[in-house]
Amino acid sequence: MPNDTRIPMVLLTGFLGAGKTTLLNALLRRPEMSGTAVVINEYGAVGLDHHLVQQAEPDEIELIEGGCMCCTTRGRLAESLMTLFTKAQRKQIPSLRRVIIETTGLAEPGPILNQLLRAPQLAERFVLDSVVTLVDAANAATTVEEIDIAQKQIVGADALLITKRDLVDDAAIDALRAKLLTMNPDADIHVPEKGTAEPGWLFTDGRRRPESAAFTLSSLVLNADAIRLAPVAADAADQADPWGDGPNWDDIQTFSLILDEPVPAWKLFGWLDFLRSLAGADLLRFKGIINLEGRDQPTVVHSVQNVLHPSEELAAWPSDDHRTRLVFITRGWGQETVRNTLAYLRDTPADIDAAQLDDAIARDQPAPNA
């Protein structure tokens, strides 16, 4: 879609105190950020943060109050975005070139992405460009290692910004960067100096959007290797509980799955739907390029938590390698769930109702011309 005129959106997340408002203030000082609207989510009965975003014009800030965007304000996000769009159409604000959605520090990205991707009135006017998560270097030992919401924010991001680097030494920054790469090896990582921000860290001009002419597949997908799963021990049959205590819930793993032969669309999307329903919270993210049976072009898929982005067909394969390559980020039993359901994908049992799978596919496909 080289002539895509939809307004790009960035979802800006980060745990409490990560510095989202400070980053916004730095960004909105940049002259090239003219025409940027900000949608701010507040937790509590009275909004405060909008008073701190001093570089934005008051009419370009839409405040959502009364709770976390992923729960009690469900439905208000689309309403606020449409309000901004209407104001721009009526010339009530100078321009509307891009939107930043700043979430509360207690928001998970998955449910918010679901609102953005499933609202048909938004699909015609807005397009999600990326998810950006701020990580507080000074408190990373607690948030990154121990807080579930912070971990989901990190894994769900396209880009990670390490903030408060002035409060820690270089060794701590290097260690944090290495840790973040083990959790989300697909993310771009930047370390802003205090009071600075680059628009390109958030807005990519379509580089992360499969429908854009500027889209590029990440090296994580392009260089994906075949799935590597440790076999069950030979004496497992003699054990009362071969799995022992099971995997560590906080043990985040990245692995890839390669399929050599084209796969029917109904089987592939049925398996993904089946997998997400079984894995639940264990399946943090997956993305990949797929060789669907009967199609010459590849299909790109991407999911964060339980939200499957609309699949997109690319104009051509990026290389001579036409195999299906899927990269997963899981925790807990997620990797075992993928392994144990591969038979569903490779050899569909006769008792699986294809009509039910077609219904599952339809739920995850974009509406025509959406």
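Mentor: We begin with a term: a residue is called buried when its relative accessible area is under 20%. The model is a predicted one. By that cut-off, F255 and F328 are both buried.

Trainee: How are the rings of F255 and F328 arranged, stacked or edge-to-face?

Mentor: A pair of aromatic rings is described by the distance of the centres and the angle of the planes. For F255 and F328 the centres are 5.5 Å apart and the planes stand at 20°. Planes under 30 degrees apart count as stacked. The pair F255 and F328 is therefore stacked.

Trainee: How many residues apart in sequence are the parts that this pair ties together?

Mentor: F255 belongs to strand β8, residues 253-259, and F328 to strand β13, residues 324-330. The pair thus ties together parts of the chain whose separation in sequence is 73 residues.

Trainee: What kind of aromatic pair do W271 and F328 form?

Mentor: W271 is in helix α9 (residues 265-279) and F328 in strand β13, 57 residues apart. Each of the two is buried, because the relative accessibility is 0% for W271 and 0% for F328. Their ring centres are 6.2 Å apart, with 80° between the planes, and the pair is edge-to-face.

Trainee: Which residues do ring pairs link into a cluster?

Mentor: The count of aromatic pairs comes to 4. F255 with F328 is one of these pairs, and W271 with F328 is another. The cluster linked by ring pairs consists of F255, W271, F286 and F328.

Trainee: Which element gives the most residues to the largest nonpolar core?

Mentor: The largest nonpolar core has 27 residues. At least two residues of this core come from each of β1 (7-14), β2 (36-41), α2 (76-89), β4 (98-102), α3 (109-118) and β5 (126-136). With 7 residues, the element that gives the most is α2.

Trainee: Which residues does L81 touch, leaving out those up to four places away in sequence?

Mentor: L81 is among the residues with the most contacts inside the largest core, along with V99, I101, L116 and F126. In general, nonpolar side chains tend to be buried together in soluble globular proteins. The residues that L81 touches are M9, V39, V99, I101, L116, L122 and F126.

Trainee: How many residues are in the other core, the one that lies apart?

Mentor: This other core includes W271, L272, V301 and F328. Its residue count is 21.

Trainee: Is L84 buried or exposed?

Mentor: L84 is located in helix α2. Its relative accessibility is 0%, so L84 counts as buried.

Trainee: Which residue has a side chain joined to that of H302 by a polar contact?

Mentor: H302 sits in strand β10, residues 299-304. Because its relative accessible area is 15%, H302 is buried. Beyond its neighbours within four places in sequence, H302 is in contact with D158, R285, F286, K287, V307, L308 and H309. The polar contact, of 3.1 Å between side chains, joins H302 to R285.

Trainee: Which residues of helix α6 are buried?

Mentor: Helix α6 covers residues 148-155 and is mostly covered, with 6 of its 8 residues buried. The buried ones are A150, Q151, K152, Q153, I154 and V155.

Technical notes. Residues are numbered from 1 along each chain as its sequence is written. This is a predicted model: local features need pLDDT of at least 70, side-chain atom pairs count only at pLDDT 80 or more; totals for chains, interfaces and linings use all residues. Side-chain values use heavy atoms; hydrogens and water are left out. A nonpolar core is a set of buried Ala, Val, Leu, Ile, Met, Phe, Trp, Tyr and Cys residues joined through side-chain atoms within 4.5 Å. Buried means under 20% relative accessible area, exposed over 50%, partly exposed in between (1.4 Å probe, protein chains only). Helices (H or I, at least four residues) and strands (E, at least two) are DSSP runs, numbered from the N terminus. Contact means heavy atoms within 4.5 Å. A polar contact is a pair of N or O atoms within 3.5 Å; within protein, one must be able to donate a hydrogen and the other to accept it, and residues adjacent in sequence count only if both atoms are side-chain atoms. Rings of Phe, Tyr and Trp (its six-membered ring) pair if their centres lie within 6.5 Å; planes under 30 degrees apart count as stacked, over 60 as edge-to-face and the rest as tilted.
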